[in-house]
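My entries follow in the order in which I made them.

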Amino acid sequence: MTACRSQPGVAAYVGDGHITEKRVDALYNDALDQLTAAIEQQRAAQPEQTEGPTPTEVTLPITRQDIVVTLLGIDVLGGLAREKGLTATPIAVEQVVQQLRLPPTAEFTQRFAEYEGYVQALVGASQPVEPSEADLRDVYDRLAKGGGFRDPAPTFEEFVATLGTQDRQTLSQSIGLRDEVFAQVRKVDATVNPRYAPAQLALVTFQGPDGQPQPLVILPFEAKTAEPAVINR
C-alpha cells in the first residue's frame, strides 16, 4: 500500500486525507515573503546598517520537510487529542518566533505554534513508560550530538547514574507520548511521501549551545518506506 502512496502532488497521507504539495509550497512561499518583507522593513528603518542579508539573498531557516512533518503532526496529534477530550494548549506565536527565526505573521509560525500546543497538551496526559536502555542510549546520543553536555561529557553509564527522579519522570512521560503517537500514526495510517524521508516528528527538544532547539525524543519515519519506524524496546 505504501508504494501506492507516492503521488507527485501529495506530500503526506493521514487516513483518507492528505497534505498536498500545493499546501506545502503555499506555506513555504508565504514564509519567504514574510521574512523578505521583515528584512526590507528593518533595512528601511536602519538605512545605515549594511550587515545582514539583502532581500534578494534571503534563505529560509526552514525546509519543505519541516512544513510537511509539522502539518502531519497537527493532523496526527490533533486526532489523538480529540480522542482524549483534549484541546491544544494555547501557544502564542511570539513564543516560537525565536526558535523558527521567522516573523509571527508567517502562517507556518502559527501552524508550528499549534503543533507545539498539541504536544504540550498530550505529554501531560500520556501514560508514563519506563525508558528502555535503547531509549536512554538514544537520548544520550542526541544530547552528545546536540551539545547538551558540558565538557568533559559524561559516559553513558555516568549519564544514566546521574538521572534524578524528576528527570526520569519527565523522560518516562515523553517516551509514553512517543509510544502513543506511534500507535496513533499506525491507526490512521499516516505516511510521508518517500521523497521527504528520512523525516521525524520532534516531540521533545532541548536547547543547544546556539540557543536553537535540538530533537531529544522523536518519532522517526523510515527512509525507504516513509512509514513510522519500529520502536526497539
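**Entry 1: the largest pocket**

I worked on a predicted model. I listed the lining of the largest pocket and found 23 residues, with Asp66, Gln99, Phe112, Ala202 and Pro213 nearest its centre. I read a volume of about 600 Å³ for this pocket. I then asked which elements each supply at least two residues of the lining. They are helix H2 (64–83), helix H3 (94–100), helix H4 (107–123) and strands S4 and S5. I noted that S4 gives the most, with five residues.

**Entry 2: the S4 and S5 hairpin**

I turned next to the two strands. S4 (residues 199–207) and S5 (residues 213–221) pair in the antiparallel sense over eight bridges. I looked up Ala199 and found Phe221 in S5 as its bridge partner. Five residues lie between the strands of this hairpin, in which Gly211 takes a positive phi near 85°.

**Entry 3: helix H5**

I checked the length of H5 (residues 133–145): at 1.5 Å a residue, its 13 residues should span 18 Å, and the end C-alpha atoms are 18 Å apart, so the two values agree. I then asked which residues of H5 are buried. I found Asp135, Leu136, Val139, Tyr140 and Leu143 to be buried. These residues cover an arc of only 130° around the axis, and therefore lie on the same side of H5. On the other side, Glu133 and Lys145 are exposed. I recorded that the buried residues of H5 pack against helix H6 (156–161), helix H7 (165–187), S4 and S5. After H5 comes Gly147, for which I read a positive phi near 75°.

Methods. Residues numbered from 1 in each chain as written. Predicted model: local features only at pLDDT ≥ 70, side-chain atom pairs only at ≥ 80, totals over all residues. Heavy atoms only, no water. Pairing = 2+ DSSP bridges. Helix = DSSP H or I, 4+ residues; strand = E, 2+ residues; numbered from the N terminus. Expected span 1.5 Å × (residues − 1). Buried < 20%, exposed > 50% of the residue type's maximum accessible area, 1.4 Å probe, protein only. Arc of directions from axis to C-beta. Contact = heavy atoms within 4.5 Å. 1 Å grid on protein atoms, 1.4 Å probe; cavity = no way out; pocket = protein on both sides within 12 Å on 5 of 7 lines; lining within 4 Å. Points joined across faces, edges and corners; volume = space filled by probe spheres on them.
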